[in-house]
Amino acid sequence: MSVNPAPSTDEERLAQLGYQQELHRRLSGFSNFAVSFSIISILAGAITSYGIAMTAGGPMAITLGWLFVGIMVTFVALAMAEVCSAYPTAGALYWWAAALAKRNKAAWAWFVGWFNFLGEVAVTAAIDFGAAITTAAFLSLTFDLEVTKTSTFLIFLVIIVVHGLLNTFGVNLVRLLSDVSAWWHLVGVAVIVVLLAVLPDQHKPISEVFTEVHNATGFTFAGASVYAVLIGLLMAQYTYTGYDASAHVAEETHDAANAAPRGIVMSVVVSVIAGFVLLFAITWSIQDYEAERTTALGLPPAQIFIDAVGHNTGTFLVFICMVAQWFCGMASVTANSRMSYAFSRDGALPGSRIWKRVNPRTGTPTNSIWLCVTLSTVIVLPSLWNTTAYLAATSIAVIGLYIAYVAPVFLRRVNPEFEPGPWNLGRWSAPVGWIAIVWVGIICVLFILPTASPITATTFNYTIVAVAVVLGAAAIWWFVSAKNWFTGPRQNLIEKAAHGEQTMPTAE
């Protein structure tokens, strides 16, 4: 890969892409990285979805699966970053699709945008629901709260409303907390790993940490163990989501053509390394596999902490994870609202006139923030009766986001006229891009498959339903109406000039 100086200032480059600077450019390169790293959040995704891999695949899916998926995701991140450098806009994925498609530009932008929107809403829902699971476990350990579906849902509501309020009124605080979040994750992982290495009286044999397979899915057909390991890869694949946030906040980042792609890649690479060390330490510390997998706390790592290092120290480790997950959800609402704002700016969401409004005082899209909060809550509602609702939310997030991630990568590969930005892969661009495309095709099939047997109303994986509903609705709307008026990204400089409005670039 190569990195060259940006050819113009951020505002000039944005103007070349057709947009006047409206959002405030407050983010440094580190802050841009911190947003994506906080959303990937190994102390959120890897902790809250750890039980998925304990049930399907076991230690092999947790440790070696993490590394394998991490390598594949790094290819996706590298390919995305190259496109991001050429087009550093808040619209990101769907904007890239429109820019790169040789034909049917508006249609590509429409469907990629809707998949991105679905994935963003689902990942926010999954992150804050995971945070609620961890918070419920912490409250159970400290105040004997009974962990039920209702109590967990109510905790989720409190968390997501707080995140909406912070993003609405505490803009500068959100930026500060995003930076703090990155350090909290790195120091928190170090503390957990050291304590789990030193304090337990006994550890699981290291060979078992890497090779042991568990299959508690209920499937017993020939090859069911292999199937379970593949399903268990969802833990890692779900955790490695949200790094498109670096692209969505590009219009708020200084030196965006270099800092945003760097933020995408480094957030993934640092997560692969730190996450592996964390997951090894947790799995190495398992004392009673089945009891910890089925714990009444509803969060297997919490029970592993308690059994390995004692009640008080274990509760402290759960607290570290809980705070990290609150940070993660806050950053996810930030990224989600920016994508919704950009999509609305181009008229693609119902009520776009409302969602595209920017608060002139804070420089943030306030209405989009609350749209995302509301829709994420709707996705979590089935948790009140469906035992696999969290797993389904994670699958929806993975499929929605990764289709949106890889579509521009595919279009870049078949568009010989693509002009790389200052951050690019050089001669490695083609192999990296095609590996990313193939991997996303595999996971899109993998994570709509049944995850538990027997298949009932409470264990049904409704991922395929949610994806089909959104895709179907977007398709119907497109062919009935949108194809007649949706032209892809609208360039607000052109619109403002047509209305005689001020179009001088602004920055902060």
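α7 gives the most to the lining of the second largest pocket, with 4 residues. That pocket has a volume of about 320 Å³. This is a predicted model: local features need pLDDT of at least 70, side-chain atom pairs count only at pLDDT 80 or more, and totals for chains, interfaces and linings use all residues. Residues are numbered from 1 along each chain as its sequence is written, and side-chain values use heavy atoms, with hydrogens and water left out.

**Terms for the voids**
- On a 1 Å grid over the protein atoms alone, a cavity is a set of points where a 1.4 Å probe fits but cannot get out; a pocket is an open set with protein on both sides within 12 Å along at least five of seven lines; lining residues have an atom within 4 Å of a point.
- Grid points are joined across faces, edges and corners, and a volume is the space filled by probe spheres set on the points.
- Helices (H or I, at least four residues) are DSSP runs, numbered from the N terminus.

- Ala, Val, Leu, Ile, Met, Phe, Trp, Tyr, Cys and Pro count as nonpolar, Asp, Glu, Lys and Arg as charged, and the others, Gly among them, as polar.
- The largest pocket has a volume of about 960 Å³. Of its 32 lining residues, Ile133, Gly298, Thr387, Thr388 and Tyr390 are the closest to its centre.
- The lining of the largest pocket divides into 14 nonpolar, 16 polar and 2 charged residues.

**Cavities**
- The whole structure holds 3 cavities of 30 Å³ or more.
- The largest cavity has about 200 Å³ of space. Its lining counts 15 residues, and Leu27, Val171, Arg175, Glu252 and Arg338 are the closest to its centre.
- α9 gives the most to the lining of the largest cavity, with 4 residues.
- The second largest cavity has about 40 Å³ of space. Its lining has 7 nonpolar, 3 polar and no charged residues.
- α2 gives the most to the lining of the second largest cavity, with 4 residues. Ile40 is one of the residues that line this cavity.

**Ser267**
- Ser267 lies in helix α14 (residues 256-284).
- Ser267 is buried, with a relative accessible area of 0% (buried means under 20%, exposed over 50%, partly exposed in between; 1.4 Å probe, protein chains only).
- Ser267 touches Phe33, Ser36, Phe37, Ile40 and Tyr243, not counting residues up to four places away in sequence; contact means heavy atoms within 4.5 Å.

Notes: Helix = DSSP H or I, 4+ residues; strand = E, 2+ residues; numbered from the N terminus.
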